[in-house]
Amino acid sequence: MLYFRDAADTTFCVPVSRMTKMETTNGTTVVMTFLPGNNELNATAGGLKDIVTITLVTADTEKACMHDILSTINATHSDGFIEIADDVTGTFCSSTIASIATTLDT
């Protein structure tokens, strides 16, 4: 399970298998998209999705950020818990991450 907590203390834990993509369009953020937990049927027809938007410390470090996230996911985890980002504690799997925002069931 991937773990995220944003500055508003919204916690999002999602199976890795629900991740559909990581993308960037502006060089300052990485957007991770997931199939939603409450509306699987509509997700396959272009419906709802869960989104984590990662703001980067430095522009144009999105490749390094994506690499660090994938390395964290692919590392050995004895308990299945994979912490990607916690804004409240300031713990991130990559030094390129400044903060995150979650948008669930959009």
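Mentor: A salt bridge is a side-chain nitrogen of Lys or Arg within 4 Å of a carboxyl oxygen of Asp or Glu. This is a predicted model, in which local features need pLDDT of at least 70, side-chain atom pairs count only at pLDDT 80 or more, and totals for chains, interfaces and linings use all residues. Residues are numbered from 1 along each chain as its sequence is written, and side-chain values use heavy atoms, with hydrogens and water left out.

Trainee: How many salt bridges does that rule give?

Mentor: The count comes to three salt bridges. In one of them, R5 and D86 meet through their side chains at 2.9 Å, N to O. This pair links distant parts of the chain, with R5 in strand β1 and D86 in strand β6, 81 residues apart. Strands (E, at least two residues) and helices (H or I, at least four) are DSSP runs, numbered from the N terminus.

Trainee: Are R5 and D86 buried or exposed?

Mentor: Both R5 and D86 are buried. The term buried means under 20% relative accessible area, exposed means over 50%, and partly exposed lies in between, with a 1.4 Å probe and protein chains only. R5 counts as buried because its relative accessibility is 16%.

Trainee: Which residue forms a salt bridge with R5 at 3.2 Å?

Mentor: That residue is D9, with the closest N and O atoms 3.2 Å apart. D9 lies in the loop between β1 and β2 and counts as partly exposed because its relative accessibility is 45%. The remaining bridge joins the side chains of K21 and E23 at 3.4 Å, N to O. Through shared partners, salt bridges join R5, D9 and D86 into one network.

Trainee: What is the phi of D9?

Mentor: D9 has a positive phi of about 70°, although it is not a glycine. Most residues other than glycine have a negative phi. D60 also has a positive phi, near 65°. D60 sits in the loop between β5 and α2 and counts as exposed because its relative accessibility is 61%.

Trainee: Changing topic, in what order do the strands of the open sheet run?

Mentor: The order is β3-β4-β5-β8, four strands with antiparallel pairing. Two strands pair if DSSP finds at least two bridges between them. The edge strands are β3 (19-23) and β8, each pairing on one side only. The twist averages 15° from one strand to the next.

Trainee: Over how many bridges do β5 and β8 pair?

Mentor: β5 and β8 pair over six bridges in the antiparallel sense. V52 stands opposite T102 in β8.

Trainee: Which residues touch the most other members of the largest nonpolar core?

Mentor: They are F4 and I54, in a core of 20 residues. The largest share of this core, four residues, comes from α2. A nonpolar core is a set of buried Ala, Val, Leu, Ile, Met, Phe, Trp, Tyr and Cys residues joined through side-chain atoms within 4.5 Å.

Trainee: And what does I54 touch beyond four places in sequence?

Mentor: Its contacts (heavy atoms within 4.5 Å) include V30, M32, C65, I69 and I100.

Trainee: Finally, where is S94 found?

Mentor: S94 is in the loop between β7 (91-92) and β8. S94 counts as buried because its relative accessibility is 3%. Beyond four places in sequence, S94 touches A64, C65 and D68.

Conventions
Axes fitted to C-alpha atoms, helices over the stretch in contact; angles between N-to-C directions.
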